[in-house]
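Please look over the sequence and the structure first.

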Amino acid sequence: MLITGCSSASTGNPTAKEILDGNSDADIIKLDGLIYSRNTNPDRKPENGYSKGKKIGEIKKKTTNTLWFRNLYASKLPKGTEVFSTNEEYKSGDAPFVILVEVDGELIDYHALVEG
């Protein structure tokens, strides 16, 4: 019998520092320890787009200070911008792969940057 384990200390997922050091103009959000990047590829959306699900929270701060980039901080979105799950992909209790924000009546999707 072979037993293997995983360490939660390092997931290998990109950090805000790694993203912003590589592209200081990146449009990112941090949520539940994951970094989400604004989707600029229309091929990554469902044919009919995403529909807004439950409100997750609001952006707490707009910053590019990578040393203190905390949950619900964003590099481009202003404080108070509401963040939502999608109805298409969200399962309660799981970190969503796609989150939405509404800016001037338009839904903008952000995708989790995960390793693997």
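In which loop is threonine 63 found? Threonine 63 sits in the loop between strand E4 (61–62) and strand E5 (73–74); helices (H or I, at least four residues) and strands (E, at least two) are DSSP runs, numbered from the N terminus. This is a predicted model, in which local features need pLDDT of at least 70, side-chain atom pairs count only at pLDDT 80 or more, and totals for chains, interfaces and linings use all residues. Residues are numbered from 1 along each chain as its sequence is written, and side-chain values use heavy atoms, with hydrogens and water left out.

Threonine 63 counts as buried because its relative accessibility is 13% (buried is under 20% relative accessible area, exposed over 50%, partly exposed in between; 1.4 Å probe, protein chains only). A polar atom of the threonine 63 side chain lies 2.9 Å from the backbone nitrogen of asparagine 65. Beyond its neighbours within four places in sequence, threonine 63 is in contact (heavy atoms within 4.5 Å) with Phe69, Tyr73, Ala74 and Ser75.

The structure holds 7 salt bridges (a side-chain nitrogen of Lys or Arg within 4 Å of a carboxyl oxygen of Asp or Glu), including these:

| Pair | N to O distance |
|---|---|
| Lysine 76 and aspartate 25 | 2.5 Å |
| Lysine 52 and glutamate 102 | 2.7 Å |
| Lysine 55 and glutamate 58 | 2.9 Å |

Lysine 52 is in strand E3 (residues 52–58) and glutamate 102 in strand E7 (residues 98–103), 50 residues apart. Aspartate 25 is exposed at 53%, whereas lysine 76 is partly exposed at 33%. Lys55, Glu58 and Glu82 are linked in a network of salt bridges.

Note on methods. Polar contact = N/O pair within 3.5 Å; in protein donor to acceptor, adjacent residues only side chain to side chain.
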